Amino acid sequence: MQTNALEGGFAQPAQQSALAFRAIMDVLARPGQIKDLSGAIPPLPLSIAAGTALLTLCDTDTGVYLAGDADCAAVREWIAFHIGAPLVGPSHADFAVGTWAALVPISAYPIGTAEYPDRSTTLIVETDALEAAGSKGATLTGPGIQQTAQMHLPEVAVFQHNHALFPLGLDFFFTSGSRIAALPRSTEVR
């Protein structure tokens, strides 16, 4: 990982952002699927996948909340230079990034309104590992899943409550190293 805020962006912005956007949309459309996501080299403690997602999805009109260890000078400077996104508190965040422990309680984030359900926060949850869950993970059903999918989640009840709010609610990306998975609010968790 690099430490200079001027480094770590896309070397080939058009191509790398298009590839990253495609991978992000794929995991969002297929909850529980894990994809490699690379292109950015953000400063620690951000993972490559989290930094690439921020670089791809955020711009100068996107409020970003940095939780816990992610709220450090190196990350703030990197976001300021490469994205220009305003850093905001959780109640104004379009995106929030950090570990699960740093991001909870999720009730701090906007879940949208009946008129504008898209005005909610997307959380990028940094994890130590992101692997296919097998039969030991939470069971996922819903749009984009043929029958069921499995995914390790930090807890289940929170995601069940989030799904019950649909069409309101939060969307989640889970990142580790250069890997990313998604859990949209439309996914039922058991």
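**A sheet and the aromatic pairs**

Mentor: In this predicted model, an open sheet of 3 strands has the order β6-β5-β9 with antiparallel pairing, where strands pair if DSSP finds at least two bridges between them, and where helices (H or I, at least four residues) and strands (E, at least two) are DSSP runs numbered from the N terminus. Because β6 (149–151) and β9 (188–189) each have a single partner strand, they stand at the edges, and one side of each is left without a neighbour in the sheet. Strand β5 (residues 138–141) is joined to β9 by 2 bridges, and T141 has E188 of β9 as its bridge partner.

Residues are numbered from 1 along each chain as its sequence is written. As the model is predicted, local features need pLDDT of at least 70, side-chain atom pairs count only at pLDDT 80 or more, and totals for chains, interfaces and linings use all residues, while side-chain values use heavy atoms, with hydrogens and water left out.

Turning to the rings, there are 6 aromatic pairs, counted when the ring centres of Phe, Tyr and Trp (its six-membered ring) lie within 6.5 Å, with planes under 30 degrees apart taken as stacked, over 60 as edge-to-face and the rest as tilted. Y65 and Y109 form a tilted pair, 6.2 Å centre to centre with 55° between the planes; since Y65 lies in strand β2 (residues 64–66) and Y109 in the loop between α4 (100–103) and β4 (122–126), the pair ties together parts that are 44 residues apart in sequence. F159 and F172 form an edge-to-face pair, 4.9 Å centre to centre with 75° between the planes, and ring pairs link W100, F159, F172 and F174 into a cluster.
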